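Okay, thanks everyone, I'll keep this short. Have a look at the structure on the screen and then I'll walk you through it.

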Amino acid sequence: MTLPGLVIRAAGAAILGALIATGALAQTPLRIFDAHLHYNQEPNPFYDLDKVLEIFRRNNITGIIATSRPNKGTHRLVDAKTPGLMVVPFIRPYRTRSDIQTWFDDPAIWELIQSEYQRGYYRGIGEFHIYGKAAAGAQVKRIVDFAGERDLWLHAHCDEEALLILFGHNPKARIIWAHTGFSTPAARVRELLDKYPGLMGELSYRGGITEGGGNLSADWRTLFGSHSQRFLLGSDTWINERWFAYDTIMKDYRGWLAQLPDEQAGRIAHGNAERLFVKTGE
Ligand SMILES: [Zn+2]
């Protein structure tokens with residue numbers, strides 16, 4: 001080896017060392033859009049807004065579907081106009097926890113949806129809970145049609161029976177299926193996605209994606225292989241414990257996303273949500 005070669009090599013190593021020291025070569029973690037978030041205020045939030053924004057920052061969360069019970073938390077997230085954070089507000093049809101049991105035929109909730117909608121920035125309604133034939137009620141149909149006419153998404157935590165009834169109200173409905181049925185077999189999820197082009201599966205609490213050691217299951221690897229454009233990630237911060245676990249929840253997502261081809265992982269992590277909620281005219 002000649003002396004100049006050694007010098008060049010030493011210089012190269014020094015530059016490499018500097019890059020590593022500044023983090024320039026560290027892999028930027030995949031950005032994530034959190035499509036199932038509650039910033040509940042009953043009557044005050046568990047974490048201040050600053051703390052919540054810091055949690056998003058440190059997890060490289062660049063977008064959220066913002067919902068809150070009551071909707072005050074969503075107003076605060078929208079009003080914060082945080083650089084680097086895309087806030088997509090959904091109307092939560094609940095004032096208090098007990099509304100979960102009664103919202104679907106309570107006229108006061110129809111009024112709540114109407115008055116919230118006047119704010120002009122909402123992109124959807126939900127998350128709401130509905131099971132079985134309760135989805136067939138007149139007020140649910142009215143809400144599905146209201147959403148359909150205004151290009152709003154529905155974010156439904158429901159069983160398969162209710163999901164089919166919601167689409168029966170309006171086959172063109174656009175529905176984010178919270179938890180993707182929890183345990184509905186992957187093959188059935190595929191059939192539903194194929195049958196309803198307006199259906200997206202949100203994956204918080206979804207069973208079966210990984211098996212022992214955090215490895216992707218064969219069923220879900222195959223489903224993501226053909227349908228990666230149809231899934232969204234979410235934290236589902238419905239109780240304070242989910243805020244404590246937020247970093248772990250995102251770490252777990254990144255663990256199985258890393259086992260997918262980059263293109264599929266990117267869609268599920270953020271690309272699909274960005275595609276759905278991009279504002280026309282911007
Ligand atoms: Zn939820």
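Let's start with charges: E54, R57, R58 and D247 are linked in a network of salt bridges. Keep in mind that this is a predicted model. Searching the whole structure turns up 16 salt bridges, and I'll pick out a few.

Take R31 and E274, which form a salt bridge with their closest N and O atoms 3.0 Å apart. R31 sits in the loop between α1 (3–22) and β1, and E274 is in helix α12 (residues 262–277), so this pair ties together parts that are 243 residues apart in sequence. As for cover, R31 is partly exposed, with a relative accessible area of 35%, and E274 is partly exposed too, at 23%.

Now a local one. R188 and E191 meet through their side chains in a salt bridge, 2.7 Å from N to O. Both of them lie in helix α8, 3 residues apart, so to speak about one turn of the helix. R188 counts as partly exposed at 26% relative accessibility, and E191 is partly exposed at 45%.

Next, R92 and E127. Their side chains meet in a salt bridge at 3.3 Å, N to O. R92 is in the loop between β3 (86–91) and α4 (99–102), while E127 is in strand β4 (residues 124–130), 35 residues apart. R92 and E127 are both buried.

E127 brings us to the metal. Which residues coordinate the zinc ion? They are H36 (NE2), H38 (NE2), E127 (OE) and D236 (OD), at 2.0 to 2.4 Å. In sequence, the spacing of these donors reads H-x1-H-x88-E-x108-D. H38 lies in strand β1 (residues 32–38) and D236 in the loop between β10 (231–232) and α10 (240–244), so that pair ties together parts 198 residues apart in sequence. H38 is buried at 1% relative accessibility, and D236 is buried at 4%.

And why is the arrangement irregular? Because the 4 donor atoms around the zinc ion subtend angles of 87 to 174°.

N71 is in the loop between β2 (61–67) and α3 (72–79), and counts as buried at 3% relative accessibility.

Last thing, the surface. F182, Y205, W238 and I239 make a nonpolar patch of about 350 Å². F182 is in the loop between β6 (175–177) and α8 (186–195), and is partly exposed at 33% relative accessibility.

That's my tour, happy to take questions.

Technical notes
Residues are numbered from 1 along each chain as its sequence is written. This is a predicted model: local features need pLDDT of at least 70, side-chain atom pairs count only at pLDDT 80 or more; totals for chains, interfaces and linings use all residues. Side-chain values use heavy atoms; hydrogens and water are left out. Patches are made of residues with over 30% relative accessible area and no salt bridge: like charges are joined within 9 Å, nonpolar side chains (Val, Leu, Ile, Met, Phe, Trp, Tyr) within 5 Å. Accessible areas come from the Shrake-Rupley method with a 1.4 Å probe; for residues, only the protein chains shown count as cover. A salt bridge is a side-chain nitrogen of Lys or Arg within 4 Å of a carboxyl oxygen of Asp or Glu. Helices (H or I, at least four residues) and strands (E, at least two) are DSSP runs, numbered from the N terminus. Buried means under 20% relative accessible area, exposed over 50%, partly exposed in between (1.4 Å probe, protein chains only). Donors are N, O and S atoms within 2.8 Å of the metal (3.2 Å for Na, K and Ca); water is not among the atoms, so sites may look incomplete. Four donors count as tetrahedral if all angles lie between 85 and 135 degrees; four count as square planar and six as octahedral if opposite donors are over 155 degrees apart and all others between 65 and 115; anything else is irregular.
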